[in-house]
Amino acid sequence: MDRVARSAPATAGMVYRAAAPEDLAACAGIWRTSINAYTRRLGQMEIPPELNQITRLFMHLRSTDPERFVVALGPDDADRIVAFAAAVAREGLWYLSMLFVLPEFQGSGLGRELLARVMPPDPPDGAAFRGTATDSAQPISNALYASYGIVPRMPLLSLTGLPQRPEAFGTLPSGVVAIGFDEIAAGPPDAGVDVGGDGLGHRMLVEAVDGLDRDLLGVAHPVDHRFLRSESRHGWLYRGPDGTPVAYGYAGESGRVGPVAVRDEALLGPVLGHLTSAVVPRGAFALWVGGAADRALVPALQAGFRLDPFPVLLCWDRPFADFSRYLPIGPGLL
């Protein structure tokens, strides 16, 4: 039975439409307001009013999946956005990136209505898997997604800090070489890979990264890699002794680390060690680690990173990724 198509209407008088570029600042404000409304009750620090980074993420989500970024307006003011939902489709994966409702409109069924408007039919039409990430302190949201079979399966842990004891990460094995995307882009095509243009090096990079992503995340998502590079995250491809790509990873001066993909989970610690030594952050590093990735979590904690409170929950209807060997971009974009 198609439960999504037969969902009941939400608050009377609401208007739903695809998000426009000029709506994204309001969506960022709703994101901040709704998160702060419950984290304040838990005694946690509020999200500051600087919203440029999340707004750029919203721009990316809308640019790749405009039909899956929906806003709700009204009911008393037809120009006021009071809630929004954004989802992406990456090959066979449908992923709910965001769904936020202003506190005064929560509990009205508005979230369920928005979900119905961005979710594929049940069973999925063109999407073999469905997933999302939710706050562990939000049982109502968790129950809503679970009612569609998108059940909490694993904690997604936020770690921040600096590698005070970098030796805890270990070193790259003999014969494994880290090749910077930018460095190779400046070299000849036979140097390996590059990140620009349509030449041989660019095609080799896409094939290497897509291959790792399909093996570990279950889908390729080159549009998201382009977004990461536009956000000034530096990428490295790691090659084994025979030249085969065995891993990739990103880090930037903003402190953001990830995604990281490794064919052998024993590489997680050494790759994180390389990434956090290759870039000097403006503040602390921040990364997201799935509960299955103990080969990343344990050395990160031993190196001096701290675990932030209230983990996010990764949810899915059917297994699609190996999170013991893949560290995602974040809760909003795998």
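Helices (H or I, at least four residues) and strands (E, at least two) are taken here as DSSP runs, numbered from the N terminus. The structure is a predicted model, in which local features need pLDDT of at least 70 and side-chain atom pairs count only at pLDDT 80 or more, while totals for chains, interfaces and linings use all residues. Residues are numbered from 1 along each chain as its sequence is written, and side-chain values use heavy atoms, with hydrogens and water left out.

The protein chain contains 9 helices and 14 strands. Of its 334 residues, 51% count as buried, where buried means under 20% relative accessible area, exposed means over 50%, and partly exposed lies in between (1.4 Å probe, protein chains only). Among the contacts in the protein chain with a separation of 6 or more, 71% come from residues 24 or more positions apart, a contact being defined by heavy atoms within 4.5 Å.

Helix α8 (residues 268-278) holds H274, which is buried because its relative accessible area is 18%. When residues up to four places away in sequence are not counted, H274 touches L172, A178, W236 and Y238. I179 itself belongs to strand β7 (residues 177-180), and I179 counts as buried because its relative accessibility is 14%.

Two packed helices are described by the angle between their axes and the distance between the axes. The axes of α8 and of helix α9 (residues 294-303) come within 8 Å and cross at roughly 50°, where axes are lines fitted to C-alpha atoms, for helices over the stretch in contact, and angles run from 0 to 180 degrees between N-to-C directions. This angle makes α8 oblique to α9, since angles under 35 degrees count as roughly parallel, over 145 as roughly antiparallel, 65 to 115 as roughly perpendicular and the rest as oblique. The contact is formed by L268, G269 and L272 on the side of α8 and by R295, A296 and P299 on the side of α9.

In helix α4 (residues 139-146), the buried residues are N142, L144 and Y145. These residues lie on the same side of α4 because they cover an arc of only 160° around the axis, the arc being that of the directions from the helix axis to the C-beta atoms. On the other side of α4, P139 and I140 are exposed. The elements that cover the buried residues of α4 include β4 (93-101), α3 (110-118), β5 (129-135), β6 (151-161) and β13 (312-316).

Just after α7, S232 takes a positive phi of about 65°. The loop between α6 (200-216) and α7 (222-230) is the place of H221, which counts as buried because its relative accessibility is 2%. Leaving aside neighbours within four places in sequence, H221 is in contact with R90, D213, Y248, Y326, I329 and L334.
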